[in-house]
Each structure stands twice: as structure tokens, then as C-alpha cells.
Amino acid sequence: MRNRYIQSFNDAQIAGKQVPQFKAGDTLRLGIKIQEGDKSRVQYFEGVCIAIRGNGVDKTFTTRKIGANNVGVEKTFPLYSVSLESIEVLRIGRVRRAKLYYLRTRRGKAARIKELRK
């Protein structure tokens, strides 16, 4: 049972944001708004969604990509964050798990995710 004021605040936060449907295993391109002094720009982060957790305005998701020198980079974002400019689903992955933490130990071809054919 939530307080009605908190519930109305959460509904107002969610109302203005359009979020595509995605799940763990999908490849996402995230446009992240970065503020540098008085200028702002959009930097893109492209990786595989490995986990989604929470509900409502508290929902977060974790994406993972392999960066320079084969270093894995994971970032966790609140789904309704103001710093998220855009979320684009590039590939829909076919996975059998809700959390893909096992990808942390995989490299190269072992870390591939099959694409869902329509």
C-alpha cells in the first residue's frame, strides 16, 4: 500500500516518458545526455541488456559492452532518468534467463546471443 502522494508523484514521472519494450538479451543503443560546463551533448552507449529490476519509477536496467582493450563496461540506468535521451532496440536476443550475469565471464564467440527471427 503506497501513499497516494507518492503514487501521484510516480505517475507524473512516468507519464512524460516513452520507453520501448525490451528485455534481457536485447541489444540497445542509449543516448545519454552529458552536461559539460554550460554545454550539453548526447553520447551513445551500445550494449546488451543483462538485467532489469524494480518496478514503476524505480525500475532500472543494466547494459554491458566490451570497450577498448577487451575491457567489459557495465552501466546501470534508471529507466525513467532525465539523463536518458533515447533508448533504441537494435537486436532482439533469444535467451532463456532473466539475468545474464554469466556473460561477465564469457569472451568472444562464447558471449554471443542468438537473434530472435520474426
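## Surface and charge

The chain exposes about 8,600 Å². Carbon and sulfur atoms supply 48% of that area. The model is predicted.

Charged residues come next. The chain carries 26 positive and 10 negative charges. Their mean positions lie 10 Å apart.

## Fold and dimensions

The secondary structure comprises 1 helix and 5 strands. Along the sequence, the order is α-β-β-β-β-β.

Taken along the principal axes, the C-alpha atoms fill a box of roughly 50 × 40 × 30 Å.

## Burial and contacts

The chain has 118 residues, and 25% of them count as buried. Sequence separation gives another view of the packing. Among contacts in the chain with a separation of 6 or more, 52% are accounted for by residues 24 or more positions apart.

## A closer look at Thr60

Thr60 sits in strand 3. That strand covers residues 60–66.

Is Thr60 buried or exposed? Its relative accessibility is 18%. Buried means under 20%, so Thr60 counts as buried.

## Summary

The predicted model has 1 helix and 5 strands, and 25% of its 118 residues count as buried. Thr60, in strand 3, is a buried residue at 18% relative accessibility.

Key:
Residues are numbered from 1 along each chain as its sequence is written. This is a predicted model: local features need pLDDT of at least 70, side-chain atom pairs count only at pLDDT 80 or more; totals for chains, interfaces and linings use all residues. Side-chain values use heavy atoms; hydrogens and water are left out. Helices (H or I, at least four residues) and strands (E, at least two) are DSSP runs, numbered from the N terminus. Buried means under 20% relative accessible area, exposed over 50%, partly exposed in between (1.4 Å probe, protein chains only). Contact means heavy atoms within 4.5 Å. Accessible areas come from the Shrake-Rupley method with a 1.4 Å probe; for residues, only the protein chains shown count as cover. Lys and Arg count as positive and Asp and Glu as negative; His and the chain ends are not counted. The place of a charge is taken as NZ of Lys, CZ of Arg, CG of Asp or CD of Glu.
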